[in-house]
Every structure is written in C-alpha cells, then in structure tokens.
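Please read it alongside the coordinates.

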Amino acid sequence: MAFRRSVLALGAVFPLFIPGNTPAADDQQKAAAVKEEDGKFFDAEGNPTFKFQNDGTVDWYTFSGYRRYHSDCHVCHGPDGVGSSYAPALATTVKVLDYPNFLAIVAEGRKSVVGGKEVVMPAFGNNKNVYCYLDDIYVYLRARSVGAAPRGRPPKKAEKPDAAKAYEASCMGG
C-alpha cells in the first residue's frame, strides 16, 4: 500500500506515459512469476503477476482480478478487456503500460483527445471496490495482454490466501 501511495505521488509530479518513453511491450517471459509472497506472485522487476498451474488453476489474484474487472471496468472497456466503442482494449493497452502508470491512471483518471474528441477515464482512487483490488485487476489484465489467460471466467482458482483476506479487511475498513 505504501508503494502504491508513493507511485501515485510521483505520478502527480512527473509526466506519465510520455510518447517515446514507453516501456517495451510485455510478454510471457517478462511476466513470468519468479517470486511468491503469501500467494501473490511477482515478476523479476517486482511487479505483480499471474501464475497458472498445469491443470488450468489460476492464482487467487488473477481470479479476483477477473471478478473485479467484470464488476467495475467491463462496462466501458468491454468484456475480458477487449475494448468497446466507448473505451480502449485494456488487454492490449496493459501490454505497453507499466504497473506504476496503470496505478496512477486508474487512481487519478486521465483526459485525452482521440479522433478530435475528448475522452475521459474517471478517477477511481476513492472507489474501494476498485482501489482495494488494483493489483488483482492489473494481474488479470496482464495475463490477458500476454495471451496467458483466455477469454471467459477461469475454470479453476486457488484458494484465497490469508494475506488477501487480511488486506481486503483492512482496505475495505472491516
């Protein structure tokens, strides 16, 4: 949580997602889980990532991200992150949008002009149903963006880790 606050504070000071300064496209190799802490997986750079078992079981955070994405994000960004006529395909966008920028955009929102029209991503930093699950949503979209997760509800999921239960209770105020 402290890292997330630091990223958001830096996002207010430094320009985000500057053309020509975009990160290299994510892929399954970069997204590979190399570390696990309390059921949550991280890549070599310390970013949250997914872990699928050979039998198709997804980690809890990917499954939770699927649920949270379809609860709050799919209305604009389409089912499974494929986009809509209203908002871009996040399964494509996350491939070139790094974790800190993802956090900042979702928390703070963003305005831009596309095709001569102003488009607005509202800020969700005060919406606990989104903010408390940002890592989960990111992990799910990352799995979709690199082709690791197919469309649709994951058929099998790992049990919810105690650390996820504790974080959820503290973030939601329970």
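Tyr 66, Tyr 69 and Tyr 140 form one aromatic cluster. The model is predicted, with pLDDT of at least 70 required for local features and 80 or more for side-chain atom pairs, while totals for chains, interfaces and linings use all residues. Residues are numbered from 1 along each chain as its sequence is written, and side-chain values use heavy atoms, without hydrogens and water.

Rings of Phe, Tyr and Trp (its six-membered ring) pair if their centres lie within 6.5 Å; planes under 30 degrees apart count as stacked, over 60 as edge-to-face and the rest as tilted.

| Pair | Centre to centre | Angle between planes | Class |
|---|---|---|---|
| Trp 60 and Phe 63 | 5.8 Å | 50° | tilted |
| Tyr 66 and Tyr 140 | 5.6 Å | 80° | edge-to-face |

The second pair links distant parts of the chain, with Tyr 66 in helix 2 and Tyr 140 in helix 6 (residues 134-145), 74 residues apart. Helices are DSSP runs (H or I, at least four residues), numbered from the N terminus. Buried means under 20% relative accessible area (1.4 Å probe, protein chains only). Tyr 66 counts as buried because its relative accessibility is 14%, and Tyr 140 counts as buried because its value is 1%. Trp 60 and Phe 63 are both buried too.

Helix 2 (residues 60-77) has 18 residues and bends by about 55° at Ser 71. The bend is the angle between axes fitted to the seven residues ending at a residue and the seven starting there. After helix 2 comes Gly 78, with a positive phi near 80°.

Methods:
Helices (H or I, at least four residues) and strands (E, at least two) are DSSP runs, numbered from the N terminus. The expected span of a helix is 1.5 Å times one less than its number of residues. Buried means under 20% relative accessible area, exposed over 50%, partly exposed in between (1.4 Å probe, protein chains only).
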